[in-house]
Amino acid sequence: MNNSLLSSPIEYLKGVGPQRGELLRKYLDIHTCKDLLEFFPFRYIDRSVVNKIADINEQTQYIQLSGRIHQLKVIGTNRAKRLAAKFTDETGTIDLVWFQSVDWILKTINPNVSYIVFGKPQLFKGFFNISHPEIEPVIAGVKTEQGKGLQPVYSSTETLRKRYLDSKGILKITQQLCEQLSEKELPEFLPYSLLQSQDLISRFRAYRNIHFPSSEGELYAAKKRLKFEELFLLQLKMVKQKAIRVENSKGFVFPHLDKFFNDFYRNHLPFKLTGAQERVLKEIRRDTLSGKQMNRLLQGDVGSGKTIVALFTMLMALDNGFQACLLAPTEILATQHYEGISQLLKPLGIHVVLLTGSTKSAARKMILSNLKEGTFQIAIGTHALLEDTVQFKNLGIAIVDEQHRFGVAQRAKLWQKNIQPPHVLVMTATPIPRTLAMTVYGDLDVSIINELPPGRKPIKTVHRTEASRTAVFNFLKDEIAKGRQIYVVYPLIEESEALDLKSLMEGFDAIARWFPLPDYAVSVVHGKMPAATKEYEMQRFVKGETDIMVATTVIEVGVNVPNASVMIIENTERFGLSQLHQLRGRVGRGAEQSFCILMTGEKVSYTAKQRLRVMCETNDGFVIAEEDLRLRGPGEIDGTRQSGDIALKIAELPQDSPLLEAARRQAFKLLEEDPTLEMQENKPLQEYLKNMAEGAIWAKIS
Ligand code: ADP
Ligand code: MG
């Protein structure tokens with residue numbers, strides 16, 4: 001394969017050289033010609049459209065005008081020198097201004113010639129002007145950039161711009177590269193029949209046309225091809241991974257449900273399961289009968305009742321002589337699970353233990369030996385459960401709550417807790433949009449609880465600013481008078497930990513003043529407290545001894561106080577959507593109407609406003625997750641893409657989900673027809689996959 005041009009270092013490209021090569025590496029992560037080719041424009045300008053000066057308004061972005069430049073005037077001297085001019089078309093006049101290269105521009109402009117002027121109008125002292133416009137003389141009979149189609153715009157940085165690597169500079173070197181490229185360097189590897197059925201253009205054309213499309217249609221086709229390619233390769237890998245996993249991993253079979261499962265279901269279940277809970281249990285049941293290892297992700301909004309599903313799943317294992325474990329990310333949550341579950345299972349005579357970092361060594365020793373001998377059937381705990389010293393006699397199922405808090409390596413440790421890996425169920429209350437789940441967790445099976453237990457009143461969410469502080473506090477007083485409890489949550493991030501802690505403590509002081517003893521009691525909890533103090537403060541609130549709990553996001557996960565019906569979130573603008581939704585899930589757990597009050601300063605950014613709107617409008621975690629993805633998606637920063645957890649170079653989620661689904665279907669189909677890609681038509685693909693095997697990062701779970 002001739003890859004010499006694309007794999008060659010960027011400084012060898014004509015027009016780059018060592019100095020600019022260094023800059024490209026440092027600032028844009030462009031090391032080779034291939035990197036440059038994959039540095040896609042983030043925007044295009046349609047040079048075929050000519051606007052009129054009269055049409056300019058405050059919303060106008062980049063425009064292209066045609067007319068004459070006159071009244072050129074140099075203002076100031078030396079370093080403060082600038083060049084001002086008037087530009088007139090048949091509808092009006094606008095100012096042009098240059099701060100650099102004044103002499104040179106002055107020399108080149110010919111007042112007797114028509115120019116195409118391109119730039120971004122800005123309002124200055126009530127008049128529009130364009131600074132540093134691109135100008136090009138219109139010469140009859142000579143082709144200008146006009147009509148050449150779409151011009152790519154590349155993102156750049158201040159430093160790069162100073163070294164002639166602005167958008168135009170990058171355009172020039174990319175153009176240089178494209179001129180040298182031949183089809184040999186970008187050979188097609190997708191099977192012809194796939195190109196046909198999906199209506200895709202060739203790779204070579206796509207790479208050229210994404211940089212230099214001559215029309216919107218061409219651009220669309222180029223993007224479609226490259227997006228499909230990206231998603232298809234990703235899916236191919238995932239489908240294959242899954243096939244290998246299913247093939248290789250034998251799973252324990254749980255045929256019996258007689259002893260514990262049915263007894264609990266019939267005689268001790270405190271409520272009726274929701275339809276969604278029933279459905280998920282059936283899915284898990286099917287997995288545990290299949291003879292293959294289960295690797296399942298359970299998604300369910302906060303409060304949707306995942307714990308009871310976990311409990312039933314553990315009983316399936318116990319009924320068949322296996323042990324089970326439940327892993328939680330925090331000590332608070334593990335303890336809460338332990339208390340709830342051992343309470344529920346008491347009538348069945350099942351031995352449940354709690355193992356965390358603060359389990360005393362004598363107790364730990366006793367627990368470890370009993371787990372190893374199999375006398376303890378269920379272990380609930382934190383990371384402490386993952387340690388090698390924790391051994392089971394016969395672990396049949398491992399469940400991970402709030403799986404996103406655990407690393408891949410940590411989850412993988414669970415696989416080694418038995419000679420044959422146990423079934424794995426990971427649960428999350430952070431709903432991952434379906435599209436993203438398909439990409440990130442492509443080799444997992446996904447179950448969804450999309451129904452809340454009956455009788456829940458939707459949480460009322462409002463946005464308030466500092467100006468309403470008194471009204472908000474008075475509202476709290478009313479709620480406390482009704483016997484309710486309240487959370488007040490502050491953001492705390494590591495980068496600004498000291499400051500954040502300070503604002504938390506100031507907030508706590510202010511609240512303590514507004515809600516003084518002995519009429520009110522306030523507790524405070526944050527991650528920097530000693531575990532014992534934290535636990536004590538938490539318990540005071542759980543038991544109803546305090547009315548208000550001031551906390552950082554440590555309460556985000558799991559805490560269950562049904563009597564707490566109001567949540568105030570301070571500095572809401574600093575939280576992401578998914579996190580806000582998680583936090584809000586701490587209220588709305590009882591029968592009372594619950595409230596969530598989102599506090600911000602008077603001025604908030606546009607995206608923060610969007611987030612606030614979404615939070616006030618919906619309680620649906622899946623809608624919020626989709627919105628979160630959309631808001632965090634492309635557009636935040638010019639030319640960069642942040643699609644949640646995965647790095648996609650060109651595809652955008654959720655916008656491209658139809659393409660993703662098509663890619664996934666085709667990946668399945670292809671591997672079904674030709675699992676090893678041996679067929680003549682698929683050989684190039686096989687070859688390509690082999691070549692890209694190293695260096696690729698594939699998301700994998702458990
Ligand atoms: P999460 O999915 O957030 O982990 P939990 O399992 O903690 O939710 O359940 C939230 C609350 O709902 C618990 O108090 C639980 O007992 C209750 N619950 C769960 N399922 C049902 C149901 N089917 N009917 C009534 N209440 C339920
Ligand atoms: Mg939970």
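Biologist: What makes the pair formed by G305 and ligand 1 a polar contact?

Modeller: A polar contact is a pair of N or O atoms within 3.5 Å, and a polar backbone atom of G305 is 3.1 Å from an oxygen atom of ligand 1, so this pair meets the definition. This is a predicted model, in which local features need pLDDT of at least 70 and side-chain atom pairs count only at pLDDT 80 or more, while totals for chains, interfaces and linings use all residues. Residues are numbered from 1 along each chain as its sequence is written, chains are lettered from A and ligands numbered from 1 in the order in which they are written, and side-chain values use heavy atoms, with hydrogens and water left out.

Biologist: Which distances do the side chains of K306 and T307 show to ligand 1?

Modeller: A polar side-chain atom of K306 lies 2.7 Å from an oxygen atom of ligand 1, and an N or O atom in the side chain of T307 is 2.7 Å from an oxygen atom of ligand 1. The protein buries 77% of the 560 Å² that ligand 1 exposes when taken alone, where accessible areas come from the Shrake-Rupley method with a 1.4 Å probe and, for residues, only the protein chains shown count as cover.

Biologist: How many residues are around ligand 1, and which come nearest?

Modeller: There are 16 residues around ligand 1, of which K272, G303, K306, T307 and R456 come nearest; a residue is near a molecule if one of its heavy atoms lies within 4 Å of it.

Biologist: Why is C33 called buried, and what is C616 called?

Modeller: Buried means under 20% relative accessible area, exposed over 50%, and partly exposed in between; C33 has 0% relative accessibility and therefore counts as buried, whereas C616, with a relative accessible area of 31%, is partly exposed.

Biologist: How many of the residues of the protein count as buried?

Modeller: By that rule, 51% of the 702 residues of the protein count as buried.

Terms used
Polar contact = N/O pair within 3.5 Å; in protein donor to acceptor, adjacent residues only side chain to side chain. Buried < 20%, exposed > 50% of the residue type's maximum accessible area, 1.4 Å probe, protein only.
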